[in-house]
Amino acid sequence: MSWGTELWDQFDNLEKHTQWGIDMLEKYIKFVKERTEIELSYAKQLRNLSKKYQPRKNSKEEEEYRYTACKAFLSTLNEMNDYAGQHEVISENMTSQITVDLMRYVQELKQERKSNFHDGRKAQQHIETCWKQLESSKRRFERDCKEADRAQQYFEKMDADINVTKADVEKARQQAQLRHQMAEDSKAEYSSTLQRFNQEQWEYYHTHVPNIFQKIQEMEERRIVRIGESMKTYAEADRQVIPIIGKCLDGIVKAAESIDQKNDSQLVIEAYKSGFEPPGDIEFEDYTQPMKRTVSDNSLSSAKEGKPELKFGGKSRGKLWPFIKKNKLSLKLGATPEDFSNLPPEQRRKKLQQKVDDLNKEIQKETDQRDAITKMKDVYLKNPQMGDPASLDHKLAEVTQNIEKLRLETQKFEAWLAEVEGRLPARSEQSRRQSGMYDGQTQQPVTNCAQDRESSPDGSYTEEQSQESELKVLATDFDDEFDDEEPLPAIGTCKALYTFEGQNEGTISVVEGEMLSVIEEDKGDGWTRIRRNEDEEGYVPTSYVEVYLDKNAKGAKTYI
């Protein structure tokens with residue numbers, strides 16, 4: 001089966017077919033190129049998708065990823081990122097192994113095709129030239145034969161005519177002989193040309209054309225084989241990454257199987273547990289008898305015996321309330337106490353523990369720095385040419401001072417932590433006040449803490465300059481409003497469910513089981529205004545007390 005023997009007369013069709021083959025190969029190259037672009041685009045979209053749902057650093061989302069379900073989702077995002085990388089590998093392999101290779105091969109194929117068909121056209125032109133020579137020789141031979149016949153007939157006519165002179169007959173005879181000789185020469189030339197043409201034609205159809213068409217056939221078959229190999233490479237480019245993609249999917253499945261609903265439930269408990277005990281039964285209040293406010297043994301009397309009275313020094317009740325109002329506003333603006341006393345016990349313990357851990361890390365960091373400076377100083381002492389040891393004294397003293405400050409800060413928070421955990425007795429107001437004064441002297445660099453507040457001449461506390469500027473107008477309005485205000489009437493009573501140490505300005509300390517008067521309901525901000533006897537007033541968290549409003553109020557309402 002050879003194109004040279006089977007398709008010897010289909011030169012033009014073979015030329016069209018081979019051009020179609022090249023066009024088809026270029027179409028396949030374009031297809032692969034578009035596939036690589038799709039893979040790159042898909043990989044980019046997958047990476048952007050994974051990046052979009054990654055938790056932001058130092059945000060609330062990052063805290064949520066301690067749950068196993070969120071960890072599994074994070075693992076899924078990471079695996080999807082690796083999955084996208086495999087699609088990039090597919091694109092790179094197809095580009096290097098198929099697109100680039102085939103584009104180079106197409107150029108070579110076009111050159112080879114052009115050369116083969118050029119040889120074919122050259123052979124066609126040669127045989128056409130030989131054919132034209134044969135036709136010319138044939139026409140000349142035919143013409144000379146006709147001329148010889150006419151000369152012979154003219155001679156015979158002259159020879160038969162008795163009126164023609166002998167000279168004219170001789171002339172006609174010589175002319176006839178000349179024409180016969182020319183015919184013979186043309187015949188010999190025609191015969192020679194015919195033999196030569198037949199030889200050229202045989203060689204053309206049995207040698208030149210088969211050879212040329214065989215080259216074209218081999219070229220076309222190589223093209224077909226090449227495109228088949230490219231299709232195999234196309235499939236292999238996908239197949240090579242299947243194991244890695246499978247590992248990515250296995251990673252997602254493994255992450256999903258690692259989800260532990262019990263562990264997540266325990267994390268919710270740890271995150272939101274307050275540490276309070278559920279409230280007991282509500283005591284029956286007999287309103288048929290005059291109300292007798294009795295307190296338990298550990299209530300008002302024990303509270304007064306156990307710790308000194310909480311009063312705002314040197315400030316009349318009329319002047320006290322503006323600062324209580326201002327402090328309440330500052331609580332709304334997010335001024336968190338340094339010891340986290342505004343939090344429930346369990347959450348407070350966690351915050352304090354976290355603070356202690358952070359301080360220990362800072363101490364370790366400063367200690368490492370001190371050790372490094374000490375080693376450097378020793379090197380300078382042994383090799384004075386490397387540096388002056390005295391130049392490190394200031395830095396060493398500064399680091400040592402920082403370590404001491406951090407240790408004092410750590411001891412303070414550890415004492416609060418021990419107090420929460422019940423390892424140490426509750427501190428008295430006097431020791432707390434002394435601790436605050438000591439902290440104010442040793443912890444100047446620390447920001448956003450209770451030490452940053454300064455004491456005013458009248459004994460009350462004002463916020464830092466930034467908060468003071470924000471509340472200046474409000475405080476002035478409150479002063480005018482409450483200067484000569486009479487004490488508010490009681491609208492009900494309340495029972496302290498838990499002990500609360502009001503260390504912030506405007507708050508009041510209570511002990512568990514203590515009964516007090518309610519003079520202002522919770523306005524939705526989580527604080528209730530209460531009074532002990534007639535000389536102490538302040539705010540306590542609504543969740544720390546159980547409130548009983550009088551009948552003439554809006555109705556009995558319980559806050560737990």
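The expected span of a helix is 1.5 Å times one less than its number of residues. The exercises below apply to a predicted model.

**Exercise 1.** Work out how the reach of helix α9, from its first C-alpha to its last, stands against the span expected at 1.5 Å a residue.

*Solution.* Begin with the extent of the helix: α9 covers residues 345–382, which gives it 38 residues. Finally, look at the side of α9 that is hidden, where the buried residues include L352, V356, L359 and I363. An α-helix has 3.6 residues a turn, so residues three or four places apart point the same way. The buried residues of α9 pack against α6 (261–272) and α10 (393–421).

**Exercise 2.** Decide whether α2 is roughly parallel or antiparallel to α4.

*Solution.* Start from the angle at which helix α2 (residues 11–52) and helix α4 (residues 68–160) pack, which is about 165°, with their axes 8 Å apart. Because angles over 145 degrees count as roughly antiparallel, α2 is roughly antiparallel to α4. The crossing of the two helices is left-handed, and their contact has 24 nonpolar, 13 polar and 10 charged residues.

**Exercise 3.** Determine whether L497 is buried or exposed.

*Solution.* First locate L497, which lies in the loop between β3 (492–496) and β4 (515–520). Its relative accessibility is 12%, and therefore L497 counts as buried, since the cut-off for buried is under 20%.

Note on methods
Residues numbered from 1 in each chain as written. Predicted model: local features only at pLDDT ≥ 70, side-chain atom pairs only at ≥ 80, totals over all residues. Heavy atoms only, no water. Axes fitted to C-alpha atoms, helices over the stretch in contact; angles between N-to-C directions. Helix = DSSP H or I, 4+ residues; strand = E, 2+ residues; numbered from the N terminus. Parallel < 35°, antiparallel > 145°, perpendicular 65-115°, else oblique. Left-handed = near helix turned anticlockwise from the far one by under 90°. Nonpolar A, V, L, I, M, F, W, Y, C, P; charged D, E, K, R; others polar. Buried < 20%, exposed > 50% of the residue type's maximum accessible area, 1.4 Å probe, protein only. Contact = heavy atoms within 4.5 Å.
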